[in-house]
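Open the model in your viewer and keep the selection tool at hand. The stops below go from the whole chain to single residues.

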Amino acid sequence: MFYTLRILQFEKMLYPVTKIIETSLNLTKRLNADILLMIQMLFSAILFSHMLACAWIALGLTDDNSWLLLEKNGFPYPEDNKSRMTVYCFSIYWILTTMTTVGFGDYTGSTKNEYLFSMALEFTGVCFSAL
C-alpha cells in the first residue's frame, strides 16, 4: 500500500524535466515559474492518464465478461504489438473522455468492478474540473 502511495509523488518524477526547463529557459523568474508550473501540470496529467489507462486494461483482463474481452468492442485481447497499441490508444481515449465528463457512451464497462472504476474516474474528473 505504501509503495502505491509513493508512486503518486509526481514531483520527484518530474524533477529532471524541471531542471532541464529551468536551465534552458532564460526568462524572468515569474514567467519562468509560470511556464514551469504549466509544463509540470501537463506532464502530471499525461502520467496520471497513462497510469489510469494501464489500470483500465489490467481491470479488463481480470474477468471473462470485461470490456476488453467482449466481441462487441472489437477485441478480444490481441497478441500482436500493433493490436496492443490499439488497445492502449483506446484505453487512453476512454480515460480522457470519462475524465473530462464528455463520456460519449460508445464503450462502457460490463462488470461491477469496471462500473465502480468508472464512477471513481468520473468523480475524479469532476473534482479536477472544479479546481
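Helices here are DSSP runs (H or I, at least four residues) and strands are DSSP runs (E, at least two), numbered from the N terminus. This is a predicted model, in which local features need pLDDT of at least 70 and side-chain atom pairs count only at pLDDT 80 or more, while totals for chains, interfaces and linings use all residues. Residues are numbered from 1 along each chain as its sequence is written, and side-chain values use heavy atoms, with hydrogens and water left out.

**Whole chain**

Start with the protein chain, which has 6 helices and 0 strands. Colour it by pLDDT, the predictor's confidence in each residue, from 0 to 100. The average is 76, and 65% of the residues score at least 70. Confidence is lowest in helix α1 (residues 2-7), with a mean of 51, and highest in α6, at 87. Where pLDDT is low, the predicted coordinates should not be read in detail.

Next, colour by accessibility: buried means under 20% relative accessible area, exposed over 50%, and partly exposed in between (1.4 Å probe, protein chains only). Of the 131 residues in the protein chain, 27% are buried.

**The nonpolar core**

A nonpolar core is a set of buried Ala, Val, Leu, Ile, Met, Phe, Trp, Tyr and Cys residues joined through side-chain atoms within 4.5 Å. Select Leu52, Trp56, Trp67, Trp94, Ile95, Phe117 and Leu121, the residues with the most contacts inside the largest such core, which has 15 residues. Helices α4 (29-60), α5 and α6 (112-130) each supply at least two residues of this core. The largest share, 6 residues, comes from α5.

Contact means heavy atoms within 4.5 Å. Beyond its neighbours within four places in sequence, Trp56 is in contact with Trp67, Phe90, Ser91, Trp94, Ile95, Gly109, Glu114, Phe117 and Ser118.

**Helix α5**

Go to Ser91, which sits in helix α5. Is Ser91 buried or exposed? Its relative accessibility is 0%, so Ser91 counts as buried. With neighbours within four places in sequence left aside, Ser91 is in contact with Ala53, Trp56 and Ile57. The side chain of Ser91 reaches the backbone oxygen of Ala53 at 2.9 Å. A polar contact is a pair of N or O atoms within 3.5 Å; within protein, one must be able to donate a hydrogen and the other to accept it, and residues adjacent in sequence count only if both atoms are side-chain atoms.

Move along to Thr97, also part of helix α5 (residues 81-99). Thr97 counts as buried, at 12% relative accessibility. A polar atom of its side chain lies 3.1 Å from the backbone oxygen of Trp94.

**Helix α6**

Select Glu114, Phe117, Ser118, Leu121 and Gly125, which are buried in α6. Seen down the helix axis, the buried residues of α6 fall within an arc of 100°, so they line one face of the helix; the arc is that of the directions from the helix axis to the C-beta atoms. On the face turned away from this buried side, select the exposed residues Lys112, Phe123 and Ala130.

Ala120 is also in helix α6 and counts as partly exposed, at 42% relative accessibility.

**A loop**

Finish at Leu70, in the loop between α4 and α5. Leu70 is partly exposed, with a relative accessible area of 23%.
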